[in-house]
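Please look through the structure shown here.

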Amino acid sequence: MLEFRKDIFADERDDNLKEVGRPTQRQDILGHVTGASAFYDDHRFAGLLHLKILRSPHAHARIRSIDDAAAQRAPGVKRIIRAADVPVNLNTLLSLIQFGKDDEPSLASDVVRYKGEPILGIVATSERSAREALALVRVSYDPLPAVFDVEEALKPGAVSVNATYPKNTFEYYGKYDHQKLRYGDVDSAFGQCDVIVEDRYQMSPIEHAPTETNGSIAVPDTNGRFVVYTSTQALFFSLDTAAKINAMPSNQLHFIGGTVGGGFGGKVDTLTEPLAILAARLTGAPVRYRLSRHEEMQFGSPRGAERIYVKDGAMRDGRIVARKVTAYFDSGAYTRLSSYAAVKCAAHIPGPYTIPNVYGDVYCVFTNRTPATAMRGFGVTALDFALECQMDKLATAIGMDPIEFRILNAYRDGDMKAHRREAKNCALIECCQVAAEKANWPIREEYRRMSSRRGAASAPHASARPEAPRRQPAPAPVQQRIPYDRAGEPPAPDAPPPRPPAPPPAGSSHGATRFSSVFGTRRR
Amino acid sequence: MAKHRGRGVAAINYPIGMNLGGDPSQALVHSNPSGKFTVALSSIDLGQGMKSVTRQICAETLGVPIEDVYVDTADSDTGPHCMGSFASRGTHRVGNAVMAAAREARAVMMEAAAEELEVDAGDLETDGRGNIRVKGAPQKSISVKDVAVAAQFRQGKTISGRGIFLVPLSDVDPETGEMSPATCYAHACLIAEVEVDDETGEVAVLKMTSAYELGRALNPKLVEQQLVGGAWMGMSHALYETPEPYYPDTRNGPRDFNEYLMPGPGDICPHDITVLERPAPDGPFGAKGPGEMCANPVLPAIANAIFNAVGVRVNELPITPEKVLRALKAKNGAPASRFR
């Protein structure tokens, strides 16, 4: 069931539009539902070759020698691609926006730093020939001690994972091993608060699990160009990365993508395009490199694990006055995009609440596991889990209703955030009010009258709310018929008791628009 | 041994676009001589509906029917640069670029129409059905098709436009973390109702009730698919998924969908969604973007509902039956239900 509450914030919108806001059918839907839409792997080429990758069985080892003589003679094998064949065999994805140092080879030459790290590629006339030839390659390793825990990796004397960042942390601003957030004075605030809740949260890695695994096909074109059919979710990002690794001018690459079988962040890393292009250059034939499901699950980068310590201090009246967060992003063996997420995480530490004292340290840590990457909610999902569990624990400790507790602490327009920008265009309070109403979760009248907008109904402890620089309250805008928007009206002196739960709304209410839904129902 | 019900809540916000900005997108819009428009992008439609929202934005801005706009994406030879489809940036960043390109194309179209009608372009308006008419005198009008023919073959004008949208890259203060992470935020509050079996540790999600504020919802159907699918993913993250079930121990990793657990159709629960729209001042028609944030409130709401049901806090994701049972054992079983 999906319902619109057009009445809320109606005065901020012009709803007199012709195409925007309509449930127009998707331009591509007929192709999708009839199976006619072409994904990268639906393109067919005569003489297509297949690239398969030899991967490290060790989480950390020195490569002593590689013997691929037998593989070279195996049936169907056209070419073996070694680390030395890669024109620029060290890259970091965010070098495209000048963030971080090159730290990851396309093919490992001396040391492997995670189980599954690519070492060598075999291009053959079929995937099966390529796989069978891989089995003939003999690699001799000296296994090295490995580190898998982010806090172990930070201890003195820990195994060094990444040669570019030997201390196992990404380097911020040329001088720090973490991203800082500092606002107010948490230590003195903790000394004065009534309730402290402190806990440790751990999110395990998560696989993007797209229906279509990562892959691409590189096809030699005329004039030294290559057409690349790809599952990427960032066309130029992948094109520029592939151009850098292959030391090619970017206009020799023609990338075609567009219909992607699920990405969720797992198709930004450009896992296949650079080597597919290199293989096509070295053989002069079209080459496909696609991950198997096993490779996608174990060696395609996942959402990284995060460990988050949170300490919150609150007053008995429900105000949160201090928050301290230490977070560790498990980046795996190389940076990819985790360094970026740590900065995003730092900005998000207060969540959607106004907290006058905030302290955060966020680390991007290298361990001997598959490099992590972006995934839906990157930098925020695990932190939201930690923060909102904290909010529940705080409400319980104080003895407040958890929704009222959130409304009380929610940021309002003009509040100062910990990263020192004013909040604007806020709407958390209204979301809490509507969700409570729809779920028949009783909240008190004064909380039902609060608003995210300045000059609207104020917090019950307005005078005691944490002080921060603010805009002058705006004049109360013209308001609408429903309680959420009753700006300017002070709470009634004797607020009525919580109303009994309303019956579930029948049909349309509040001038709301309903749309049919695609929900299932439980089997029980 | 019993099943216990509980409810839990979570509230969140989410930044729109790449953190700190610095992530441009471009768009090109042009008309053929029949008055049919093409939007050229390099942005990727991952299934989220990029082509559809940009098509609607373009049609609305041009003032032509949606059928007269086609979006061509993801070809690096024809589509101008776009940072990519991630960070909830598609609707906001690409939408703004398309809007800018469509505005430029519209200005040429109105000039060409003005020349044909021998009036001032400022006196013209589009009717959204493929015609351009004089304000207050709708009988004096010309079709977009005739304008396109005239522009191409008589006036020698290209009805086309270029657009780019860039939130300038923000500095970060290394000492304090002062920064401008995003220009707008989406919001949500979600209530999950669960049933916990204190014998098996299994958690069933029975119902979700949510309110999402997303700025302008450009297409309610696309919003619905994101919110429904996102909640499913959130539920899956909360209770099922990981390639490293005993992290940081790397063993026992799944290799395929037989071993990598996700909820099936029978595990998906009814979800009552309400959408609020507080337009983002810098969003295309006020839009923000529901893409990533819709999964986030589900995880803590389920964890909090489990606490409400059986009185245990599981701080490690995913909340597997094993973790629930271990927590219950440590607490000597579930207390009497505190269902609210």
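Helix 10 of chain A is mostly covered, with 16 of its 18 residues buried; buried means under 20% relative accessible area, exposed means over 50%, and partly exposed is in between (1.4 Å probe, protein chains only). This is a predicted model, in which local features need pLDDT of at least 70 and side-chain atom pairs count only at pLDDT 80 or more, while totals for chains, interfaces and linings use all residues. Residues are numbered from 1 along each chain as its sequence is written, chains are lettered from A and ligands numbered from 1 in the order in which they are written, and side-chain values use heavy atoms, with hydrogens and water left out.

Helix 10 of chain A covers residues 381-398 and reaches 26 Å from its first C-alpha to its last, close to the 26 Å expected at 1.5 Å a residue. The expected span is 1.5 Å times one less than the number of residues in the helix. Helices (H or I, at least four residues) and strands (E, at least two) are DSSP runs, numbered from the N terminus. After helix 10 of chain A comes Gly399(A), with a positive phi near 85°.

How many residues of chain A are in contact with chain B? There are 134 of them, and they touch 136 residues of chain B, where contact means heavy atoms within 4.5 Å. The size of an interface is often given as the accessible area lost when the parts come together. Between chain A and chain B, the buried area is about 11,400 Å², and carbon and sulfur atoms give 57% of that area; buried area is the accessible area (1.4 Å probe) that two parts lose on being put together, summed over both.

Across this interface of chain A and chain B, the rule finds 68 residue pairs in polar contact, both residues being at pLDDT 80 or more. By class, the side of chain A that touches chain B has 61 nonpolar, 30 polar and 43 charged residues. Ala, Val, Leu, Ile, Met, Phe, Trp, Tyr, Cys and Pro count as nonpolar, Asp, Glu, Lys and Arg as charged, and the others, Gly among them, as polar. A polar contact is a pair of N or O atoms within 3.5 Å; within protein, one must be able to donate a hydrogen and the other to accept it, and residues adjacent in sequence count only if both atoms are side-chain atoms.

Side chains of opposite charge can pair when their charged atoms come close. A salt bridge is a side-chain nitrogen of Lys or Arg within 4 Å of a carboxyl oxygen of Asp or Glu. The structure holds 64 salt bridges over all chains, and 13 are found across the interface of chain A and chain B. One of them joins Arg26(A) and Asp45(B) (3.7 Å, N to O). Another salt bridge joins Lys51(B) and Asp28(A) (3.8 Å, N to O). This pair crosses from helix 1 of chain B to the loop between strand 1 and helix 1 of chain A, and both Lys51(B) and Asp28(A) are buried.

Arg453(A) lies in the loop between helix 13 and strand 17 of chain A and counts as buried because its relative accessibility is 8%. Its side chain makes a polar contact with that of Glu12(A) (2.5 Å). A network of salt bridges links Asp11(A), Glu12(A), Asp413(A), Arg453(A) and Arg278(B).
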